[in-house]
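Here is a short briefing on one protein chain. Look at the sequence and the structure first, then read the points below.

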Amino acid sequence: MPMQVKSEMESYSQGYAPEMTLSVLFRTLEKLCMESEKKIVLMIDEVDSASNNQVFLDFLAQLRAYYLIKKKNDHISVRDSGGSI
């Protein structure tokens, strides 16, 4: 993992980031995807327990938006595996 991305992710997970929004998270994830030499796999667990959480629903909506953009112009590296994002 590129050091800058690793540092950003660690600061988010430890609560040190001054502003943590979905936009900031997705910019960091985009950097990770663009700089990675390998494909990135995102696994989400406990979906059923988070289905009433608006932040989680917004996260899924943003993933879907990236998927639709990728499907349209093949720019963002997002892969649909078996009908789910």
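The model is predicted. Helix H4 covers residues 54–73. Its buried residues pack against helix H2 (22–35) and helix H3 (47–50). Ring pairs join Phe-26, Phe-59 and Tyr-66 into a cluster.

**Helix H4**

- H4 has 20 residues, and at 1.5 Å a residue they should span 28 Å. The C-alpha atoms at its ends are 29 Å apart, which agrees with that figure.
- Five residues are named as buried in H4: Phe-56, Phe-59, Leu-63, Tyr-66 and Tyr-67. They cover an arc of only 100° around the axis, so they sit on the same side of H4.
- Asn-53 caps the N-terminal end of H4. One of its side-chain oxygens lies 2.9 Å from the backbone nitrogen of Val-55.

**Aromatic pairs**

- How many aromatic pairs are there? The count comes to two.
- Phe-26 and Phe-59 make a tilted pair, with 5.3 Å from centre to centre and 40° between the planes. Phe-26 is in helix H2 and Phe-59 in helix H4, so this pair ties together parts that are 33 residues apart in sequence. Both Phe-26 and Phe-59 are buried.
- Phe-26 and Tyr-66 have ring centres 5.4 Å apart and planes at 10°. Planes under 30 degrees apart count as stacked, so this pair is stacked. Phe-26 lies in H2 and Tyr-66 in H4, so the pair ties together parts that are 40 residues apart in sequence.

**Burial and the nonpolar core**

- Is Phe-26 buried or exposed? Its relative accessible area is 5%, and the cut-off for buried is under 20%, so Phe-26 is buried.
- Tyr-66 has 15% relative accessibility, so Tyr-66 counts as buried too.
- Which residues make up the largest nonpolar core? The five are Leu-25, Phe-26, Phe-59, Leu-63 and Tyr-66.
- H2 and H4 are the elements that give two or more residues to this core. H4 gives the most, with three residues.
- As a general rule for soluble globular proteins, nonpolar side chains tend to be buried together.
- Neighbours within four places in sequence aside, Phe-26 is in contact with Phe-59, Gln-62, Leu-63 and Tyr-66.

**Thr-28 in helix H2**

- Thr-28 is also found in helix H2. Its relative accessibility is 1%, so Thr-28 counts as buried.
- What does the side chain of Thr-28 reach? It reaches the backbone oxygen of Val-24, at 3.0 Å.
- Neighbours within four places in sequence aside, Thr-28 is in contact with Val-5, Glu-8, Met-9 and Tyr-12.

**Met-3 in helix H1**

- Met-3 lies in helix H1, which covers residues 3–13.
- Met-3 has 63% relative accessibility; the cut-off for exposed is over 50%, so Met-3 counts as exposed.
- Met-3 and Leu-32 are 29 residues apart along the chain, and their C-alpha atoms are separated by 10.0 Å.

Notes
Residues are numbered from 1 along each chain as its sequence is written. This is a predicted model: local features need pLDDT of at least 70, side-chain atom pairs count only at pLDDT 80 or more; totals for chains, interfaces and linings use all residues. Side-chain values use heavy atoms; hydrogens and water are left out. Helices (H or I, at least four residues) and strands (E, at least two) are DSSP runs, numbered from the N terminus. The expected span of a helix is 1.5 Å times one less than its number of residues. Buried means under 20% relative accessible area, exposed over 50%, partly exposed in between (1.4 Å probe, protein chains only). The arc is that of the directions from the helix axis to the C-beta atoms. Contact means heavy atoms within 4.5 Å. A polar contact is a pair of N or O atoms within 3.5 Å; within protein, one must be able to donate a hydrogen and the other to accept it, and residues adjacent in sequence count only if both atoms are side-chain atoms. Rings of Phe, Tyr and Trp (its six-membered ring) pair if their centres lie within 6.5 Å; planes under 30 degrees apart count as stacked, over 60 as edge-to-face and the rest as tilted. A nonpolar core is a set of buried Ala, Val, Leu, Ile, Met, Phe, Trp, Tyr and Cys residues joined through side-chain atoms within 4.5 Å.
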